[in-house]
Amino acid sequence: MCGLVGMVGKGDVGPDIYDALTVLQHRGQDAAGIMTCRGGRFNQRKSEGLVRDVFRQDHMQRLKGPMGIGHVRYPTAGSSGPALAQPFYVNSPYGIALAHNGNLTNSDQLAKELFQDDLRHLNTDSDSEVLLNIFAHELQTLGKLSPTADDIFQAVTAVHRRCSGGYAAVALVVDYGVVGFRDPFGIRPLVVGERTTAAGTEYMLASESVALDVLGFRLIDDVAPGEAVFIDAGGKLHRRQCAENPQLSPCIFEHVYFARPDSMMDGVSVYKTRMRQGEALARKILRLRPDHDIDVVIPIPDTSRIAGQALASDLGIKFREGFMKNRYIGRTFIMPGQNQRRKSVRQKLNPVPLEFDGKNVMLVDDSIVRGTTCRQIIQMARDAGAVKVYFASAAPPVRYPNVYGIDMPSASELIAHNRSVDEVCELIGADWLVFQDLEDLVQCSRSGNSHTAGFDCSVFNGEYVTGDVDRVYLDRIEALRNDDAQTQSRAQLLADGTVVGIHNDAS
């Protein structure tokens, strides 16, 4: 999962892209990058780390130009390193930079085609570089000295024909403009907004609407599944549907965990969706245990707070903040390796004993993935004096890996994979465990936009909307993503001193 920004303005856009990336930092903490363009030249800064650490004042002074793109990276296959920071760049045709959120499920086949048929060299194992080169090749085959909006859209149409998976991308074509596009299922999010200034209208593309809000842009629309949006150098907005059979089936895990609650996605308020998740959980608890003995509902900060508040309200019991969060520790879901995640939980959360002592506590979390975090938190609640510790998940059991851009662990490391709810309950050490029903979760999201065809719920039901994910592909994902493989990969990177690729100047 990554965060994207693209902008065409009336002055230097680097500072605004920087601010937008800080708002989208929750979508990726591994690396950050900005590419701007002025006078036929790209200006770039990218490196590993948080946005605030990657960019210093001297970097921002060099990021000149009225158009640019930005990216915050979250590694989607365990790979990391400075050479995989985005945006990526190719010099032919025109000079194109691209930033990508998602995962191409046919990346290996495309890499072969690029080498054998398109005669293009790939410098990393990133599918983002594959996507960039596919787009560049399709634009080059048109043979135009100066590309028009129609040419851009024709190239994106070819990208949709060749690429499969979940992807949203923003690309900067030197001196011509910025283009954003989204896969035909709309799995990964992308929005477009406008801002009126004294000099004229400026446009921004972003992964979430909150990035537009903070910078004073008005949300125009979501980029539709299969659609491309091109903002030319003159500041004119062009839009076109570029896929043959688009169908809105966004990733429902955005609503569960990744997106900020103050964002709108495909016409759906993430905040309202999480409220409905809590209300649905309350109904299930009352159905299963009408005579429950829950004394207090305590959320596991931060993504479960809204669902927890709604759940407590509908149950008619107290809602309390029982865990204080250290906000200078990264999201444990993103942490590489079990040992690092275990360490981070203790550094990240500290209980308030008065809210636990002598009480039957219902802890609420957005989801349970590996079970490592919730097992520690349950023990922390017991150590703080809780009599009984119940656990509610605002999402159904996560039983299958994600293949569209979320680096969930291998199936064998998902605690709910091939296990019953009672077995998971025993493993995490809870006195009772309740999961959201998938039908209720879907309804919580669909209530915000009845025109949504469906949702990608593959992590819960194993049904992948692109229809091209088979056992062979999942076995390969399993081999790449298990903790042993990732530990070995990181050790190899340390031994080599870098990853395969060109390390740009980190000064």
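**View 1. The crossing of α9 and α10 is right-handed.** The model shown here is predicted. Helix α9 spans residues 270–288 and helix α10 spans residues 305–315. Their axes come within 7 Å and cross at roughly 40°. An angle of 65 to 115 degrees would count as roughly perpendicular and one under 35 degrees as roughly parallel; α9 and α10 are therefore oblique to each other.

**View 2. Residues of α9 meet residues of α10.** From α9, the contact includes Tyr271, Arg274, Met275, Gly278 and Glu279. Leu281, Ala282, Ile285 and Leu286 in α9 also take part. On the α10 side are Ile306, Ala307, Ala310, Leu311, Asp314 and Leu315. By residue class, the contact of α9 with α10 holds 11 nonpolar, 1 polar and 3 charged residues.

**View 3. An open sheet is formed by 7 strands.** The strand order is β3-β2-β4-β1-β10-β9-β11, and the pairing is antiparallel. At the edges lie β3 (41–48) and β11 (218–222), each of which pairs on one side only. From one strand to the next, the twist averages 15°.

Note on methods: Residues numbered from 1 in each chain as written. Predicted model: local features only at pLDDT ≥ 70, side-chain atom pairs only at ≥ 80, totals over all residues. Heavy atoms only, no water. Axes fitted to C-alpha atoms, helices over the stretch in contact; angles between N-to-C directions. Helix = DSSP H or I, 4+ residues; strand = E, 2+ residues; numbered from the N terminus. Parallel < 35°, antiparallel > 145°, perpendicular 65-115°, else oblique. Left-handed = near helix turned anticlockwise from the far one by under 90°. Contact = heavy atoms within 4.5 Å. Nonpolar A, V, L, I, M, F, W, Y, C, P; charged D, E, K, R; others polar. Pairing = 2+ DSSP bridges.
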